[in-house]
Amino acid sequence: MTTIREDFDQARKILEKFLKDDSNMTAVGACAEIMVDALRKGHKLISCGNGGSMCDAMHFAEELSGFFRDKRRPVAALAISDPSHITCTANDIGFEHVFSRYVEAVGQPGDVLLAISTSGNSVNVVNAAMAAREKGMKVIGLTGNDGGRLAPLCDAEVRAPFSLFSDRTQEIHIKVIHSLIHYIEVALSVADHGTKP
């Protein structure tokens with residue numbers, strides 16, 4: 001039971017640290033506004049990440065193309081998670097290009113890339129951000145530690161507090177992702193119905 005309680009205590013402390021810094025809320029808001037602006041202009045959201053961060057990228061996209069809390073029109077969001085694309089690109093070009101190749105294929109000016117990396121240094125995620133910028137897309141980053149190589153490539157970034165463990169960073173990321181989805185859903189619902197939140 002000690003290990004279990006320590007896990008929850010660590011998670012609580014990291015979340016409290018995140019909440020105490022008002023700049024984090026400002027950063028989440030900036031990310032949300034960039035996404036909503038793109039969607040209102042008919043653009044799409046593309047997300048990517050490795051391992052648990054890929055699961056977060058997929059979760060982000062499916063809640064928008066499907067449903068989150070409200071019944072509303074689908075939102076143009078997709079995750080780079082097709083195993084045939086990933087294995088083909090990794091085999092023929094290299095794993096460091098699995099996300100950038102996809103961005104080059106389907107990204108358009110005005111689209112937004114949600115790039116997720118707990119270290120900020122995942123080479124394939126960094127390459128995707130560079131490809132997105134070359135395509136005239138906006139880049140939103142979810143990072144940790146010092147933001148790594150991804151941070152300077154972002155138009156807006158949310159950085160989880162420093163932790164020795166990536167799972168603590170991912171727990172902040174999923175909370176941010178849920179908040180972004182909720183904000184997008186409310187903002188688009190307001191636009192559809194012509195009312196104020």
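Here are some questions and answers about this predicted model.

Me: Are helix 5 and helix 6 roughly parallel or roughly antiparallel to each other?
Reply: Happy to work through that one. Two packed helices are described by the angle between their axes and the distance between the axes. For helix 5 (residues 98–106) and helix 6 (residues 123–134), the axes come within 7 Å and cross at roughly 20°. Angles under 35 degrees count as roughly parallel, so the two helices are roughly parallel.

Me: What is the handedness of the crossing of helix 5 with helix 6, left-handed or right-handed?
Reply: The axes of this pair cross at roughly 20°. As helix 5 passes helix 6, the crossing is right-handed.

Me: How many residues of the contact of helix 5 with helix 6 are nonpolar?
Reply: From helix 5, the contact takes in V98, F99, S100, V103 and E104. Helix 6 answers with N124, V125, N127, A128, A131 and A132. Among the residues of this contact, one is charged, three are polar, and the number of nonpolar ones is seven.

Me: Is N124 buried or exposed?
Reply: N124 sits in helix 6. Beyond residues up to four places away in sequence, N124 touches N50, F95, E96, V98, F99 and S100. Its relative accessible area is 3%, and the cut-off for burial is under 20%, so N124 is buried.

Me: How many residues are in the second, separate core?
Reply: Let's start from F60 in the largest core. Leaving aside neighbours within four places in sequence, F60 is in contact with M35, L45, S47, L114, I177, L180 and I181. The second core is separate and includes M54, V125, M137 and C154; its number of residues is 22.

Me: Where does N145 lie, and what is its phi?
Reply: N145 is found in the loop between strand 4 and strand 5. Although N145 is not a glycine, its phi is positive, at about 55°.

Me: What does N145 count as in terms of relative accessibility?
Reply: The value for N145 is 33%. Buried needs under 20% and exposed needs over 50%, so N145 counts as partly exposed.

Notes
Residues numbered from 1 in each chain as written. Predicted model: local features only at pLDDT ≥ 70, side-chain atom pairs only at ≥ 80, totals over all residues. Heavy atoms only, no water. Axes fitted to C-alpha atoms, helices over the stretch in contact; angles between N-to-C directions. Helix = DSSP H or I, 4+ residues; strand = E, 2+ residues; numbered from the N terminus. Parallel < 35°, antiparallel > 145°, perpendicular 65-115°, else oblique. Left-handed = near helix turned anticlockwise from the far one by under 90°. Contact = heavy atoms within 4.5 Å. Nonpolar A, V, L, I, M, F, W, Y, C, P; charged D, E, K, R; others polar. Buried < 20%, exposed > 50% of the residue type's maximum accessible area, 1.4 Å probe, protein only. Core = buried A, V, L, I, M, F, W, Y, C linked by side-chain atoms within 4.5 Å.
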